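Colleague: I'm new to this one, could you walk me through a few of its helices?
Modeller: Gladly, here it is.
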Amino acid sequence: MALLKQMRHLYLRRPSGKAENRHSLLCALGFHKHSASQSPPTVEENVLPGNGIPSAAAVGQDTPVKTLKDMPGPSTVSNIIEFFYRDGFSRIHEIQLQHSQKYGRIFKSRFGPQLVVSIADRDMIAEVLRAEGVAPQRANMESWQEYRDKRGRATGLISAEGEDWLKMRSVLRQLIMRPRDVAVFSDDINGVVADLVARVRALRGQQPDGLTVLNVNDLFFNYAMEGISVILYERRLGCLEEQIPRLSQEYIAAVHLMFSSFKTSMYAGAIPKWLRPLIPKPWRDFCHSWDGLFKFSQVHVDRKLSEIQAQLAAGQEVKGGLLTYLLATKDLTLEEIYANMTEMLLAGVDTTSFTLAWSTYLLALHPQVQQQIYEEVVRTLGPDKVPVSEDIPSLPLIRGLVKETLRLFPVLPGNGRITQTDLVVGGYLIPAGTQLALCHYSTSLDEDTFPGATQFQPQRWVRRDPTDHVDNFGSIPFGYGIRSCIGRRVAELEMHLALTQLIQKFRIQVSPLTQEVHAKTHGLLTPGGPINVQFVDRQ
Amino acid sequence: MSVVSATYRLHSISKRFIRSLSAVSAHNSLKTPSTRHRVEACIRNRQFSCYPRALRSENKVTVSFINRDGEKVTVKGSPGDSLLDVVIDQDLDIDGFGACEGTLACSTCHLIFEEDVYKQLGPITDEEMDMLDLAYGLSDTSRLGCQVCLTKSLEGMTVRVPESVSDMRQSDFGTTSSSS
């Protein structure tokens with residue numbers, strides 16, 4: 001009976017997925033081998049028997065729903081070789097593409113005891129995300145939880161689950177998710193952008209050619225850290241100064257340690273606890289970097305709290321932003337505030353800086369596209385006007401630039417979900433509690449959704465009119481729905497304002513020092529080598 | 001897992017944010033008269049509505065919703081209220097509606113308008129268009145309910161709630177999006 005119900009369910013849901021399976025798989029293949037997309041279909045990933053367009057009878061009565069056992073995928077041994085011997089961890093995004101070509105748009109992999117079902121299909125991803133309940137779970141965050149238990153810390157938005165998560169999300173999204181709420185940070189961010197521009201001038205002045213900024217990601221890291229701190233802590237940290245204050249330096253070191261231990265400690269969630277005495281370093285580094293991150297947040301939160309208390313004691317009116325509000329309303333406990341400030345800061349620095357670094361690199365590689373965007377900026381703002389958030393709707397190519405950068409280099413090449421109910425996806429019954437990997441990197445490069453998928457075309461995102469819609473589940477770099485990136489609008493504002501001013505003021509060129517830069521996965525999708533670019537004054 | 005129903009949650013949160021203007025100090029060690037000012041200062045536009053409630057006239061606007069099962073429900077809302085406000089305030093039972101509480105992170109408050117009404121609606125932002133790209137059953141006259149505010153000129157309009165994937169799932173697998 002249950003099976004019947006599932007079959008009916010499958011039938012009902014097919015119209016949304018329709019006949020795209022065959023076509024888009026071929027196009028995905030065509031991504032690596034362009035000529036292939038022209039050749040007649042030879043490979044067919046049939047989710048359903050027949051021609052891929054199900055009839056009610058075929059689906060509703062005759063087609064059995066397949067189980068995980070039937071699902072193709074790499075063997076455990078080949079996965080171990082790929083990841084541990086061939087260092088597949090740094091190529092997860094490429095392996096994702098290869099596996100989706102080899103095994104189809106839904107396949108299973110084993111990482112030790114962990115079974116993962118990967119979904120590299122726009123429509124199936126849409127089905128999964130649209131079916132979410134009120135508190136979706138991303139992944140097993142046991143190691144994060146364990147650290148927090150050990151130190152008596154609270155969980156934040158990344159590490160919390162269920163009702164704990166929902167409570168915090170409900171509070172925080174009312175503060176920093178709505179575009180119009182975030183727009184008020186425009187002036188604060190512009191203060192940081194002014195320092196970024198000054199820093200570009202200072203750094204290039206230190207080079208023999210007077211133009212090159214070496215490893216532009218370091219610069220953007222400091223920009224992103226300064227930007228997010230202004231919003232989270234209502235405080236400038238001095239990350240864009242010549243001499244970075246000691247506390248900020250310590251934090252930067254902790255973040256770097258966190259990411260350098262990512263590979264070993266995050267994925268080594270697969271390493272069972274009993275192995276820790278034998279291989280103690282990953283877990284030690286993991287705890288150590290969290291200590292650093294929490295310490296930093298705590299110092300800044302405590303400082304704000306004492307400022308508020310002092311102002312109140314003096315009978316002054318207290319005004320403030322996000323942190324002041326949280327401390328005043330106590331919608332979250334102090335520990336929850338520490339944890340969320342820590343996790344939001346961690347989530348808001350590298351993600352933004354990598355995207356800005358890639359944007360800069362892509363602009364430098366494509367001078368004509370850059371010129372087009374420059375002309376739009378100057379047409380809209382003139383050569384000097386500082387853009388504010390209200391100007392962004394008049395700069396569709398700036399928005400397109402960020403979207404296109406994130407399509408080509410989605411900072412999170414895959415996202416996780418643990419299914420909360422039994423689902424039928426792609427013809428397979430996936431039981432509740434299964435770890436899904438949504439393969440955004442693969443779908444972003446799907447020729448079917450994005451013609452000329454490997455090309456950098458910010459223009460593709462510009463709408464002709466408000467009814468010009470694209471089904472863009474293919475590229476959802478911030479995720480979708482109730483558990484999507486809470487910092488999305490903040491990140492967009494930081495990137496839009498910074499890129500607009502950089503393009504307005506400088507012609508960005510590839511430095512002769514830069515080799516071709518490929519992406520590598522290191523927790524996030526990062527530039528695999530230093531991006532050195534020249535900033536030439538426009539005036 | 002027992003989770004509070006989405007509708008109830010939305011309701012309580014929207015109320016809470018309005019309430020917090022005056023009642024922020026109930027369990028607050030920072031309780032002083034100036035606390036209220038500060039919170040007002042930093043809350044900014046933290047209600048669902050497009051306009052402050054004080055600006056609304058008492059003239060209500062009549063709106064009809066055609067539910068997913070074809071049933072027509074007619075309710076009244078205040079000018080300035082968003083259609084999401086109306087759904088919450090009137091306790092309309094639309095499963096999964098407004099999951100992100102009007103923060104433009106989902107498209108679950110997707111509504112379909114009559115063409116002449118659609119043309120009268122306020123301007124559409126880029127962020128709303130991006131979210132509509134991800135709406136199920138998108139039409140040329142689709143908008144997000146959280147972004148459309150009532151005005152007197154919309155009196156008597158009818159909006160349709162599009163069918164959703166989760167409807168189908170619900171009939172097959174039981175409730176997935178809320179339980180209370």
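Colleague: How are helix 7 of chain A and helix 14 of chain A oriented to each other?
Modeller: In this predicted model, where local features need pLDDT of at least 70, helix 7 of chain A and helix 14 of chain A are roughly perpendicular (65 to 115 degrees) to each other. Residues are numbered from 1 along each chain as its sequence is written, and chains are lettered from A in the order in which they are written.

Colleague: At what angle do the axes cross?
Modeller: The axes of helix 7 (residues 142-151) of chain A and helix 14 (residues 281-313) of chain A cross at roughly 65° and come within 11 Å, the axes being lines fitted to C-alpha atoms over the stretch in contact, with angles running from 0 to 180 degrees between N-to-C directions.

Colleague: What comes just after helix 11 of chain A?
Modeller: Just after helix 11 of chain A, Glu234(A) takes a positive phi of about 55°.

Colleague: Switching topic, how do helix 16 and helix 18 of chain A cross?
Modeller: The axes of helix 16 (residues 334-365) of chain A and helix 18 (residues 396-408) of chain A come within 9 Å and cross at roughly 100°, which makes helix 16 of chain A roughly perpendicular to helix 18 of chain A.

Colleague: Which residues make that contact?
Modeller: With contact meaning heavy atoms within 4.5 Å, those of helix 16 of chain A include Trp358(A) and Leu362(A), while Leu401(A) and Leu408(A) are among those of helix 18 of chain A.

How values were computed:
Predicted model: local features only at pLDDT ≥ 70, side-chain atom pairs only at ≥ 80, totals over all residues. Heavy atoms only, no water. Helix = DSSP H or I, 4+ residues; strand = E, 2+ residues; numbered from the N terminus. Parallel < 35°, antiparallel > 145°, perpendicular 65-115°, else oblique.
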